[in-house]
Amino acid sequence: MSHINSEMSRAVKSTETVRNIKKYIPSFYDRGQRRQLPETQLVWNMLGTGAEILRAFDLVGEWPENYGTLCAAQKVAMGFCQEAEAEGYSNELCSYVRNTLGYLRRCRDSGEVPPEAPLDGMGNPNLLLGSALICEPRYKWFQAIGTHFLNVPQFNDDPVSPPYDADLEDPRLAEHYKTQIRATLLAQISFLEQQTGKKLDMGRFSEIMKNSQEAMKYWYRVLELRKAVPCPMGSEDYFTAIIPFLYLAGDREAVDFYQDLYTEIKDRVDRGIGVIPEEKYRFGWLGIPPWFNMGLFNYLQTLGAVVCVESTYYVGQPVEVDLPDPLENLVERTWKTAQYKQKQGSEINPDICNPGVFSPGVGAGLVKRWVFEYKLDGAIGHRTRSCRATSMGQLHVKNKLAEIDVPMLIFESDMVDPRAWADAQVKMRFQGFLETIDARRSKKFS
Amino acid sequence: MDTLKGLARAKELYLDRRKRVKELKAQGKKVLGYVCLFAPPEIMAAAGILPYRLRGDLKEPITKAHDFVEPFGCPYIRNLFDQDLKGNYDFLDGLIMSHSCDMVQRLYGIWTLNTRPSFKYFVNVPHTLTPWSKEFFKRELIFFREKIENFSGNKISNDQLQKTIKEYNTSRALLRKLYSLRKENPPLLSGTEGLQVLVAGMGLPVEEFNNLLQEVIEEVMSRGQGPPKKTARLMLYGSVCDDLSLIQLIEEGDACVVIDDTCIGTRSFRHDLPETPDPMDGLVTAYFDSFLCPRTDRGPGSARFRYIADLAKEYKADGLIMYIYSYCDPHKFDAPDVSMSLRKEGLPSLILDDDYSLTNLASIRTRIQAFIELLS
Ligand code: SF4
Ligand code: SF4
């Protein structure tokens, strides 16, 4: 095996645009400097609360989840996780959270930013903007921060998702959920107005939302182009290419990035260029990747396997809504997206009333459809021990795929905590999985 | 009907709650299984249904659920699902779940798609204690009420609901009275006996439970010989504790459990359900505002745990045992904060992590013994 296959390696990206992402979104990478500017307010923010809102209030954001991925990639997350455990937090708890709590404990106990902290640390937030969406750890996280480390104002939004069997076409139910989405959004805005002393400029917000929609359109087109054989872009690029829409939705830079990525991928498809010269296996991916070892995707490629589509952070087809009031527009768009996602069979995925465009997973029905659309040989599920939210339901998807005779491999580790990683074991399981697929193929053709 | 009374009857019901339910079913009563109080039993009872709170079977290893749900979710809820897969809830007419915690929410689809109950419903619950979230929950309860009306064929009038709430409040008052007998030293009622009564109540019509509570209170107050005096008085904290094993283990040693803060314990009856002109308002207050489950976001700070120290002091507990299930995010996140806030009050605590099987009984016993020694 080549050096690429070594334990815990970083990913080698395939596309020019993703390799150059730092040039497209300097504001994301130099946020450490930007928050030093006078009058700047720093908000620690959760995925799903809507980057557009931050933009509209000129807030500088820091995302503890993203910081977890950074610390993992730079191999310092384990130390922070252990610090959190020393504070009494169980090692079963979300490793993004443990990473933040451990980092804060170090800051508190030593009075300074730990020297190994990437990007000079996370800064001292003026506000915490959390979310009760997706999973309990997300609001428990800020609750713990507020209790143990930082006494700053905080707000958690609370968009509630309907169960899989609710009749979302029922107008009364629609109003019931939309009322909640609207109320929590308005409350978030009024919290930010109070804290920043600024009024939300609706004209500007409309512009930001337009940019965000445009970026999403290009991004979705990129995802659609990945249906091509050979696949023009794999997960090693995807999991970096998500950064603009997760953290900078609404910025012009995000539009430029996705537009250029689209052009590059379109060109690849037109010329029949794939991620690897000889594509033997195509997979769908479920779950958060192991951020400390993104080279895993390159390893798969050495075996001839490409991951063509991912359930985590999948955006789905952007829903077109055109209401004059930008907030109502957002509410309506959120609701229509929820309806769309429910139709895809979101039996376990609760995250469907999410004003930020973020999903920790998609429905089993959609994954089944992907098998045909993306011509998949199977699926790979990363069962992250400390994140129940994106792991639970993978078995359900596996069972659903079995109904159409499509195999799925579920392997276990973690998104941030490398202690959960067993390199030889994981690789053996991948190899075994590919052998099963080979065996199935020869059976089919014999 | 059985002829046993009081504590003996509670014990009999603890050992087999299903027997009584089956009798009632034979008399034509509809029975709905429910997982958690966020789907208020009062609404079901007001429609003439028997709300049957599902109970785990700690001694039954999970075998079937593994095929449908990942191993590292809440072991308690997986145990319930496993039992349903094995047909242990066949006598139920339907299943009611709620967004108690994410684990329950996520399992709803997997559970109901693989067991296909004849009737199923999910009560949604927001996480933040804001006025709009309360309004949302109220609308959810209104929908739930309608759904139950359709299912039962009985319209639930406000009068009927208020009457039922009164009956449930009687239970709450009787339970508080029964618990207060544990303030004595030695307590007049052991933790083991107390839990048997609670579990018995999870599957009885409210009037029948109230009669049982009356009998138990009279028996306990009049009996000569109660539990013996022990060195340590303990409080039990955690989510669902519906099996005697742990409390028995504690009480076999030199300690007694005198008070709890658990889902089926004081959390559910510490306060009355407010009897409001619109009964739905009282239900919202009882089950959203005042129901102190860590799944609800009550903001930062440790003031939210003040009530635990207050209860411990009221019952003269010397320390707290936190019995927390593996992978239970709500409780595990709170655990360090609870310990911290109790430490400030001079109350030591011990965290026991269990996968709802108590298979590591020997090590748990040793830890409890060491904790009791520390207290003495
Ligand atoms: S979804 Fe998973 S990774 Fe994200 S915050 Fe929740 S538990 Fe952590
Ligand atoms: S024990 Fe915890 S995870 Fe399990 S049902 Fe209760 S609150 Fe949820």
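**Exercise 1. Which helix gives the largest share of the lining of the largest pocket, and how many residues does that share hold?**

This is a predicted model, in which local features need pLDDT of at least 70 and side-chain atom pairs count only at pLDDT 80 or more, while totals for chains, interfaces and linings use all residues. Residues are numbered from 1 along each chain as its sequence is written, chains are lettered from A and ligands numbered from 1 in the order in which they are written, and side-chain values use heavy atoms, with hydrogens and water left out.

Step 1. On a 1 Å grid over the protein atoms alone, a pocket is an open set of points with protein on both sides within 12 Å along at least five of seven lines, a cavity is a set of points where a 1.4 Å probe fits but cannot get out, and lining residues have an atom within 4 Å of a point.

Step 2. The largest pocket has a volume of about 700 Å³, a volume being the space filled by probe spheres set on the points, which are joined across faces, edges and corners. Of its 34 lining residues, the closest to the centre are A:R10, A:K13, A:Y29, A:T240 and A:I243.

Step 3. Helices (H or I, at least four residues) and strands (E, at least two) are DSSP runs numbered from the N terminus. The largest share of this lining, five residues, comes from α6(A).

Step 4. The lining divides into 19 nonpolar, seven polar and eight charged residues, where Ala, Val, Leu, Ile, Met, Phe, Trp, Tyr, Cys and Pro count as nonpolar, Asp, Glu, Lys and Arg as charged, and the others, Gly among them, as polar.

**Exercise 2. Characterise the second largest cavity.**

Step 1. Its volume is about 380 Å³, and of its 20 lining residues those closest to the centre are B:Y34, B:Y168, B:G201, B:F209 and B:S268.

Step 2. Helix α7(B) gives the most to this lining, with four residues, and by class the lining has 14 nonpolar, three polar and three charged residues.

**Exercise 3. Is A:T17 buried or exposed?**

Step 1. A:T17 is found in helix α1 (residues 16-19) of chain A.

Step 2. A:T17 has a relative accessible area of 5% and is therefore buried, the classes being buried under 20%, exposed over 50% and partly exposed in between, with a 1.4 Å probe and protein chains only.

Step 3. Leaving aside neighbours within four places in sequence, A:T17 is in contact (heavy atoms within 4.5 Å) with A:Y24, A:F257, A:D260, A:L261 and A:E264.
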